[in-house]
Amino acid sequence: MLGTLLCLKANAQQASFKTEFIGNSGYWFLPSGDKPKEKIGDSKGSSIVYQGAVNIPLSTRLNEHNRPTAWGVGFSGAYAYLNNEHFAGEMVSEIMNLQAGIYHLRPLNEKWSLRASVGIGVFTPSTDFSNIGFKNVLGSAGVVFIRHLKPNLSIGGGLALNSSLGYPMVFPAVYVNWKRHGKFNVSAELIDGLDVAASYKLNDHLKLSWVLEMNGQVALLEKEGKDVIFSHQYIVTGLRPEVKLGKTGLTATAMVGLNLYRPAAYSDRTLKGMFASNNDYYFSASPYASIGLKWDLKR
């Protein structure tokens with residue numbers, strides 16, 4: 001949630017929606033040390049993920065270096081259905097994440113900018129709103145100082161505060177944004193997960209990219225009398241065409257490729273539980289596909 005707010009384009013009013021399909025694969029455990037990975041019986045699973053987001057700038061003002069001072073709000077949601085098969089123990093089968101927040105961006109001088117945000121989100125293992133409780137709610141805040149090294153390269157760092165462990169906890173925040181512009185483009189972002197793309201612009205309406213992405217969802221719940229976190233992440237790569245639909249401001253996207261690694265496991269909602277070695281469970285590689293739509297609402 002915090003990463004999403006920190007990377008929103010301050011001067012763009014945009015909406016997006018994407019559906020992702022992750023193919024069936026086996027479930028494995030990776031022990032610590034040099035021990036070989038272990039197959040967990042006949043357990044296997046696939047997933048379908050629906051994601052949507054909207055960014056609404058409230059005010060924007062550009063300085064002499066064309067950098068904005070801006071306030072805005074962001075809303076996003078995700079629903080993941082996990083089609084799990086042949087699991088002996090309890091396994092989360094669906095995740096709903098709903099998030100809202102306020103962000104602020106301002107230049108500090110010619111070389112430095114500041115991005116800050118505060119937000120709140122609901123992270124549940126079901127879509128039943130009557131079951132949402134205080135333990136399913138997370139608050140967050142963060143600030144990142146960004147150094148503009150070149151017109152196409154910015155890096156930064158700061159602090160992020162959230163309540164994922166049941167109490168306020170401070171974590172480091174990292175920002176990397178690099179782009180190479182032209183008919184052949186390369187970009188790398190480490191903001192909300194990872195997004196690396198090498199693209200070729202065929203014309204004003206069509207672009208082809210080879211991409212590497214990381215995404216995921218989280219559910220907060222109680223299991224065997226303990227507060228736990230169920231995390232579902234995936235790293236995917238493949239070919240992504242993007243088609244601009246005339247002058248409507250709409251861009252259609254699709255992607256076909258491979259899910260390289262999909263961790264899905266419980267961990268105790270404690271600092272120790274975050275780094276425990278007994279939650280390294282994952283689904284192996286499988287086919288991946290997605291379709292999406294982006295809308296520039298100002299066009």
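Colleague: What does Y266 touch, leaving aside residues up to four places away in sequence?

Modeller: In this predicted model, Y266 touches E90, M91, V92, L221, K223, V228, I229, F230 and N279. Y266 is also among the residues with the most contacts inside the largest nonpolar core, which has 22 residues. Strands β1, β3, β11, β12 and β13 each give two or more residues to this core.

Colleague: Which residues belong to the second core?

Modeller: That separate core has five residues, including V144, I146, A160 and Y175.

Colleague: Why is E20 called buried?

Modeller: Buried means under 20% relative accessible area. E20 has 1%, so E20 counts as buried.

Colleague: And what makes K18 and E20 a salt bridge?

Modeller: The closest N and O atoms of K18 and E20 are 3.9 Å apart. The cut-off is within 4 Å, so the pair qualifies.

Colleague: How do you know that K135 and D227 form a salt bridge?

Modeller: Their closest N and O atoms are 3.1 Å apart, and a distance within 4 Å is what a salt bridge needs. The pair links distant parts of the chain: K135 lies in the loop between β5 and β6, D227 in strand β12, 92 residues apart.

Colleague: Why is K135 called partly exposed?

Modeller: Partly exposed lies between the 20% limit for buried and the 50% limit for exposed. K135 has 45% relative accessibility, so K135 falls in that range. D227, with 32%, is partly exposed too.

Colleague: Which residues are linked in a network of salt bridges?

Modeller: K18, E20, E213, R240 and E242 are linked that way.

Technical notes
Residues are numbered from 1 along each chain as its sequence is written. This is a predicted model: local features need pLDDT of at least 70, side-chain atom pairs count only at pLDDT 80 or more; totals for chains, interfaces and linings use all residues. Side-chain values use heavy atoms; hydrogens and water are left out. A nonpolar core is a set of buried Ala, Val, Leu, Ile, Met, Phe, Trp, Tyr and Cys residues joined through side-chain atoms within 4.5 Å. Buried means under 20% relative accessible area, exposed over 50%, partly exposed in between (1.4 Å probe, protein chains only). Helices (H or I, at least four residues) and strands (E, at least two) are DSSP runs, numbered from the N terminus. Contact means heavy atoms within 4.5 Å. A salt bridge is a side-chain nitrogen of Lys or Arg within 4 Å of a carboxyl oxygen of Asp or Glu.
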